[in-house]
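This report describes a sheet, a helix and some aromatic rings. The structure is shown first.

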Amino acid sequence: MVDYNSLKKALEDNGELMIKTDSGSTFELHKHNVTFDDKTKSVKVDGANEIFWIDSSKIEYYWIHKKARE
């Protein structure tokens with residue numbers, strides 16, 4: 001499980017992250033399309049055609065999407 005506050009800070013610091021959930025799904029997070037709900041510790045991702053709510057306790061790990069930073 002990923003620490004919710006660390007995830008928030010990493011996205012703020014890097015602008016873009018990739019996450020993988022315990023079900024194997026991957027998501028690309030961008031500062032402009034992600035909202036954090038501190039009360040429920042969930043992540044709302046506003047995708048192009050869909051909106052996803054992800055329970056942060058279900059996020060296995062995240063990594064910096066370096067290609068986007070180049």
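Val43 stands opposite Ile54, a residue of strand 5. The model is predicted: local features need pLDDT of at least 70, side-chain atom pairs count only at pLDDT 80 or more, and totals for chains, interfaces and linings use all residues. Residues are numbered from 1 along each chain as its sequence is written, and side-chain values use heavy atoms, leaving out hydrogens and water.

Strand 4 (residues 42-46) and strand 5 run antiparallel and are joined by five bridges. Strands (E, at least two residues) and helices (H or I, at least four) are DSSP runs numbered from the N terminus; two strands pair if DSSP finds at least two bridges between them. The open sheet has three strands in the order 3-4-5, with antiparallel pairing. Strand 3 and strand 5 (51-55) each have a single partner strand, so one side of each lacks a neighbour in the sheet.

Helix 1 lies across strand 3 and strand 4, at about 150 degrees to strand 3. Contact means heavy atoms within 4.5 Å; axes are lines fitted to C-alpha atoms, for helices over the stretch in contact, and angles run from 0 to 180 degrees between N-to-C directions.

Rings of Phe, Tyr and Trp (its six-membered ring) pair if their centres lie within 6.5 Å; planes under 30 degrees apart are stacked, over 60 edge-to-face, the rest tilted.

| Pair | Centre to centre | Between planes |
|---|---|---|
| Tyr4 and Phe36 | 5.9 Å | 80 degrees, edge-to-face |
| Tyr61 and Trp63 | 5.6 Å | 40 degrees, tilted |
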